[in-house]
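Trainee: Can we go through this one together? I'd like to start with the strands.

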Amino acid sequence: MRTEKKKHWKVTPRFYILMGILLAVILVVLALFLLGDRDQSEGNQLPEAPDASQTGDPGDADDTADPGDSQDPGDSQDPGDSQDPGDSQDPAESEDPNETTRPQAPASTDVRTKDDGNLFVLVNKQYAVSRDYYPTDMVDIDGSLSTNQNLKVKREAYDAYLSMLADAKKEGLNFAICSAYRSYALQESLYNNSLAANGKEYTEKMFAYPGQSEHHTGYAIDVTSASMNWGLSQNYTDYPDGAWITEHCSEYGFIIRYPKGKEDITGYMYEPWHIRYVGVDAAKEITRQGITLEEYLDVA
């Protein structure tokens with residue numbers, strides 16, 4: 001009987017070559033999968049929370065909330081402290097509008113480091129305060145009388161404001177504080193946020209450099225009302241409450257700090273909502289003469 005021999009599988013060099021190629025492909029695919037998974041997990045991580053001292057939304061003045069609504073004071077914009085558009089840099093000479101580095105203010109004639117209680121402390125483009133300046137005798141503003149919470153102001157200015165508000169209410173008028181004291185850090189945050197969002201040219205027109213805002217003194221108050229939709233507008237005097245403030249604020253020691261037609265002296269546009277406490281006698285004299293605080297102090 002004839003028996004058949006069993007066939008044996010013969011391993012050729014080509015087999016080893018094919019297996020090597022297949023193994024290499026598997027290893028490459030596995031490596032790509034692992035790298036992609038790592039990148040995805042890293043991309044899902046939350047960004048680091050920003051430093052609270054650098055946050056703050058300059059916002060829109062017309063978005064100011066009704067009195068009593070709780071907002072962080074850093075969320076309010078004051079187009080007040082807006083610099084005279086004539087002082088803005090020529091766009092052709094401007095640096096990158098998206099630059100967000102800390103602003104370098106022009107050299108000031110005087111930089112005040114401490115509040116000595118002077119009622120006529122002057123803060124503008126020539127007279128500034130340092131980063132650690134803080135007014136004395138500060139008090140909290142009643143949240144029901146403001147559109148932003150946690151605001152502060154000088155005690156003497158606040159008492160005068162309450163008296164003015166009480167008399168206005170007797171005549172059927174009402175208004176609220178939307179901005180008062182601002183720290184150097186808050187002004188810096190507002191300035192830098194606008195710089196990042198709107199560019200350098202716009203920001204230099206609308207915001208004071210940190211240290212050069214009158215709100216640092218604790219004597220400045222921005223007033224708003226329903227007639228301005230709880231925002232800020234240059235036509236404020238077209239409404240009864242705005243007209244009343246302009247006519248009567250000096251009787252309580254306040255002046256319209258940035259009057260119309262005085263932009264070349266104050267360096268800021270007309271702001272009928274921005275009042276500054278200087279005491280009754282000085283306020284009446286400044287208003288009677290139709291002059292600015294700079295002119296009254298003979299530093300214009």
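Mentor: First, the terms. Two strands pair if DSSP finds at least two bridges between them. Strands (E, at least two residues) and helices (H or I, at least four) are DSSP runs, numbered from the N terminus. This is a predicted model: local features need pLDDT of at least 70, side-chain atom pairs count only at pLDDT 80 or more, and totals for chains, interfaces and linings use all residues. Residues are numbered from 1 along each chain as its sequence is written, and side-chain values use heavy atoms, with hydrogens and water left out.

Trainee: Which residue is the bridge partner of Y258 in β8?

Mentor: E271. β7 and β8 (residues 271-277) pair in the antiparallel sense over four bridges.

Trainee: What is the order of the strands in the open sheet?

Mentor: β5-β6-β8-β7, four strands with antiparallel pairing.

Trainee: Which strands stand at the edges?

Mentor: β5 (176-179) and β7 (254-258). Each has a single partner strand, so one side of each lacks a neighbour in the sheet.

Trainee: New topic. What is phi of D137?

Mentor: Near 55 degrees, a positive value in a residue other than glycine. D137 lies in the loop between β2 (127-129) and β3 (138-140). D137 is partly exposed, at 45% relative accessible area. The cut-offs: buried is under 20%, exposed over 50%, partly exposed in between (1.4 Å probe, protein chains only).

Trainee: And D298, buried or exposed?

Mentor: D298 is exposed, at 68%. Its phi is near 60 degrees, again positive in a non-glycine residue. D298 sits in the segment after α8 (293-296).
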